[in-house]
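Subject: Structure for your review

Dear colleague,

Please find below the structure that I am handing over to you. My notes on what was found in it follow directly after.

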Amino acid sequence: MLQDALKLLHEKTKGKIDARDTERATLLSWPSSPSIQVDGDPEPYPSEKLAFAEYLLDREIKADFVVAEYLEGDEAKGSVTGVLANGTVYETGEPYKQIPRTSLRGKLLIPSPLQVGDRLIVSRLSGQRYYVHGKDVDAGG
């Protein structure tokens, strides 16, 4: 059974990232036309030769918000209940005691953590392409 699982993992990762090929690089340009300079390589790699981990890119999350008002004694208070696109529900403030005032639909933008000059951890893919895993954190921090 374990052998079958290992074979399946090997098949699914064939031609993908090989941890033995992990290298270091420097981000030369970002976000338009990203390029990296891999340590030891004479030429930089342009955007068409790069694949970035999803969490390194700007991300948008669609969200629905219900803005409500409730009374605590004679004082009006507010509450926001949100539902993110993936179904996660959260609430701030106290439960409201009145009918919701407003419903809003919007997007939350999570910006990329990358900046020009960042040191990166990359892996070689087939066809002289690179997969960018993330930032390289040195021993100091």
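A residue is called buried under 20% relative accessible area, exposed over 50%, and partly exposed in between (1.4 Å probe, protein chains only). Please note that this is a predicted model, in which local features need pLDDT of at least 70 and side-chain atom pairs count only at pLDDT 80 or more, while totals for chains, interfaces and linings use all residues. Residues are numbered from 1 along each chain as its sequence is written, and side-chain values use heavy atoms, with hydrogens and water left out.

Confidence

The predictor's confidence in each residue, pLDDT, runs from 0 to 100. The chain has an average pLDDT of 76, and 62% of its residues score at least 70. Over residues 96–100 the pLDDT stays under 50, and the model has 14 contacts for them beyond four places in sequence; a contact means heavy atoms within 4.5 Å. Where pLDDT is low, the predicted coordinates should not be read in detail.

Salt bridges

A salt bridge is a side-chain nitrogen of Lys or Arg within 4 Å of a carboxyl oxygen of Asp or Glu.

Helices (H or I, at least four residues) and strands (E, at least two) are DSSP runs, numbered from the N terminus. Glu23 is buried, at a relative accessible area of 17%, whereas Arg124 is partly exposed at 21%.

A salt bridge of 2.6 Å, N to O, is formed by the side chains of Arg119 and Asp39. This pair links distant parts of the chain, 80 residues apart: Arg119 is in strand E8, and Asp39 is in the loop between E2 and strand E3 (50–52). Arg119 is partly exposed, with 32% relative accessibility, and Asp39 is partly exposed as well, with 40%.

The side chains of Lys107 and Glu60 also meet in a salt bridge, at 3.4 Å from N to O. Because Lys107 lies in strand E7 and Glu60 in strand E4 (residues 59–72), the pair ties together parts that are 47 residues apart in sequence. Lys107 is exposed at 55% relative accessibility, and Glu60 is exposed at 55%.

Leu109 is located in strand E7 (residues 102–110) and is exposed, with a relative accessible area of 56%. Apart from neighbours within four places in sequence, Leu109 is in contact with Asp58, Arg59 and Glu60. From C-alpha to C-alpha, Leu109 and Lys62 are 9.0 Å apart in space, although 47 residues separate them in sequence.

Is Ser35 buried or exposed? Ser35, in strand E2 (residues 35–38), is buried, with a relative accessible area of 12%. Residues touched by Ser35, not counting those up to four places away in sequence, include Thr26, Leu28, Tyr45 and Leu50.

Helix H1

Leu2 is in helix H1 (residues 2–13) and is exposed, with a relative accessible area of 64%.

Yours sincerely
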